[in-house]
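Colleague: I am new to this one. Please take me through the structure, one question at a time.

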Amino acid sequence: MNFGLWEIAILLLAAKIGGSIFLRLRQPSLAGELIAGILMGVLFTALDGSATIQLVAQLGIMLLILLTMMVIDLSSIEKEIEKLVIAQAVSAVIIYALLITFLSVFSLSLSQALVVWAAIFGSST
């Protein structure tokens, strides 16, 4: 049997155990599954560089985002759109101000700071 399949089986088993533990603690099983995955990555550093694990991790992230998007109720967003736009604008200004403030501390050029700003602002929700 391929070693990649064993890696996936170990991760799935750990995720199932972590999810079950969190359900018994009356917490979301997803949190337990994520923590189990993080712990497996820390405990078994040999799995870290595996191409199979990298592929499974990327697929897992895409599925998590897809499922999250499927659950979002867009009608509730429409009701609060003005507040959301203002909050995003304020967060963009705050992030930019912090980056400009710490520009010299991190030895970043202005263009590098803008790239970091775009990455932070683009990934914030």
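Colleague: Which residues of α6 does α5 meet?

Modeller: This is a predicted model: local features need pLDDT of at least 70, side-chain atom pairs count only at pLDDT 80 or more, and totals for chains, interfaces and linings use all residues. Residues are numbered from 1 along each chain as its sequence is written, and side-chain values use heavy atoms, with hydrogens and water left out. Contact means heavy atoms within 4.5 Å. From α5, Gln88, Ser91, Ala92, Ile95, Tyr96, Leu99 and Ile100 take part, and their partners in α6 are Leu110, Ala113, Leu114, Val116, Trp117, Ile120 and Phe121.

Colleague: At what angle do the axes of α5 and α6 cross?

Modeller: Two packed helices are described by the angle between their axes and the distance between the axes. Axes are lines fitted to C-alpha atoms, for helices over the stretch in contact, and angles run from 0 to 180 degrees between N-to-C directions. Here the axes of α5 and α6 come within 10 Å, and they cross at roughly 145°.

Colleague: Is the crossing of α5 and α6 left-handed or right-handed?

Modeller: A crossing is left-handed if the near helix is turned anticlockwise from the far one by less than a right angle, and right-handed if clockwise. For α5 passing α6, the crossing is right-handed.

Colleague: How far apart in space are Gln112 and Leu99?

Modeller: Gln112 sits in helix α6, residues 110–123. In sequence, Gln112 and Leu99 are 13 residues apart. In space, C-alpha to C-alpha, the value is 10.0 Å.

Colleague: How many helices does the chain have?

Modeller: Helices (H or I, at least four residues) and strands (E, at least two) are DSSP runs, numbered from the N terminus. The elements run α-α-α-α-α-α. There are 0 strands, and the helices come to 6.

Colleague: Which residues make the nonpolar surface patch?

Modeller: Patches are made of residues with over 30% relative accessible area and no salt bridge; like charges are joined within 9 Å, nonpolar side chains (Val, Leu, Ile, Met, Phe, Trp, Tyr) within 5 Å. Areas come from the Shrake-Rupley method with a 1.4 Å probe, and for residues only the protein chains shown count as cover. Helices α3 (51–71), α4 (74–79) and α5 (81–101) each supply at least two residues. The patch covers about 810 Å² and is made by Ile61, Ile65, Met69, Ile72, Leu74, Ile77, Ile81, Leu84 and Val85.

Colleague: Is Met69 buried or exposed?

Modeller: Buried means under 20% relative accessible area, exposed over 50%, partly exposed in between (1.4 Å probe, protein chains only). Met69 lies in helix α3. Its relative accessible area is 53%, so Met69 is exposed.

Colleague: Which side chains meet in a salt bridge?

Modeller: A salt bridge is a side-chain nitrogen of Lys or Arg within 4 Å of a carboxyl oxygen of Asp or Glu. The structure holds 1. The N to O distance is 3.4 Å, and the pair is Lys83 and Glu80.

Colleague: What is the phi of Arg26?

Modeller: Most residues other than glycine have a negative phi. Arg26 lies in the loop between α1 (3–24) and α2 (29–43). Although Arg26 is not a glycine, its phi is positive, about 60°.
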